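Dear colleague,

I am handing over the structure below, and my notes on what was found in it follow directly after. Please read them with the model open beside you.

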Amino acid sequence: MSPPCCNGIVHFNHYSDEGALLAAALVDRRLTSPADVARLAAEHDVLLERTPTPSDVAGLIEWQAALTEVVDAATDAARVAALNRLLARGTSHPSISTHDGTRPHVHFRPDGVSVTRQLAAITAFGLAWFLTQRGLHRFARCAAGDCTSTFADVTRNGRQRYCSTRCANRSAVRRHRARLA
Ligand SMILES: [Zn+2]
Ligand SMILES: [Zn+2]
């Protein structure tokens with residue numbers, strides 16, 4: 001387990017998985033207050049550089065729509081186009097930061113930005129890197145008929161179909177009953 005960090009990672013090779021997992025959680029999260037934003041960041045070990053504000057709630061709700069375009073893209077080409085829009089909106093040129101006495105590490109946005117921009121940079125770069133390295137299909141909706149949750153498939157074989165073990169089990173039971181009927 002890595003300690004909390006402003007990028008949700010300490011080692012670069014963790015960046016993509018963590019950024020993609022945060023992106024999946026953010027798509028589905030109902031954000032109604034700054035406390036919701038703080039909780040989501042804490043769950044993903046992201047050390048926020050600022051305290052979330054009501055304008056971050058509004059900004060991240062807009063960002064959810066941009067992430068949703070990636071999940072729901074119908075073709076690989078549409079998915080790549082949606083990822084490029086995320087990168088254009090959510091990141092700026094990389095730079096090395098040593099804020100708060102941290103060891104030098106790369107940011108994809110300037111120092112001292114809003115929580116919205118911090119989380120946008122992590123999820124845009126994280127998703128783009130993860131999906132191009134591991135497979136564009138690995139950001140998807142749950143295959144259970146009654147669940148639309150989003151997941152980032154960080155499994156070794158990349159064949160995850162359900163958001164959770166609970167949905168996988170429920171669907172297996174349903175298929176079993178259908179066979180017996
Ligand atoms: Zn940092
Ligand atoms: Zn599900």
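Helix H3, residues 54–71, has 18 residues and reaches 26 Å from its first C-alpha to its last, close to the 26 Å expected at 1.5 Å a residue (the expected span being 1.5 Å times one less than the number of residues; helices are DSSP runs of H or I with at least four residues, strands are runs of E with at least two, and both are numbered from the N terminus). This is a predicted model, in which local features need pLDDT of at least 70 and side-chain atom pairs count only at pLDDT 80 or more, while totals for chains, interfaces and linings use all residues. Residues are numbered from 1 along each chain as its sequence is written, chains are lettered from A and ligands numbered from 1 in the order in which they are written, and side-chain values use heavy atoms, with hydrogens and water left out.

The buried residues of H3 include Trp63, Leu67 and Val71 (buried means under 20% relative accessible area, exposed over 50%, and partly exposed in between, with a 1.4 Å probe and protein chains only). In helix H2, residues 34–43, the buried residues are Asp36, Val37, Leu40 and Ala41. Seen down the axis of H2, these fall within an arc of 135 degrees, so they line one face of the helix (the arc is taken over the directions from the helix axis to the C-beta atoms).

The zinc ion (ligand 2) is coordinated by the SG atoms of Cys142, Cys147, Cys163 and Cys167, at 2.3 to 2.4 Å (donors are N, O and S atoms within 2.8 Å of the metal, or 3.2 Å for Na, K and Ca; water is not among the atoms, so sites may look incomplete). The angles among the four donor atoms run from 107 to 115 degrees, and the site is tetrahedral (for four donors, all angles between 85 and 135 degrees). Cysteine 167 is buried at 1% relative accessible area, whereas cysteine 163 is partly exposed at 25%.

Phenylalanine 108 and phenylalanine 125 form a stacked aromatic pair, 3.9 Å centre to centre with 10 degrees between the planes (rings of Phe, Tyr and Trp, the last by its six-membered ring, pair if their centres lie within 6.5 Å; planes under 30 degrees apart count as stacked, over 60 as edge-to-face and the rest as tilted). Phe108, Phe125 and Trp129 form one aromatic cluster.

Terms used
Tetrahedral: all angles 85-135°; square planar, octahedral: opposite > 155°, others 65-115°.
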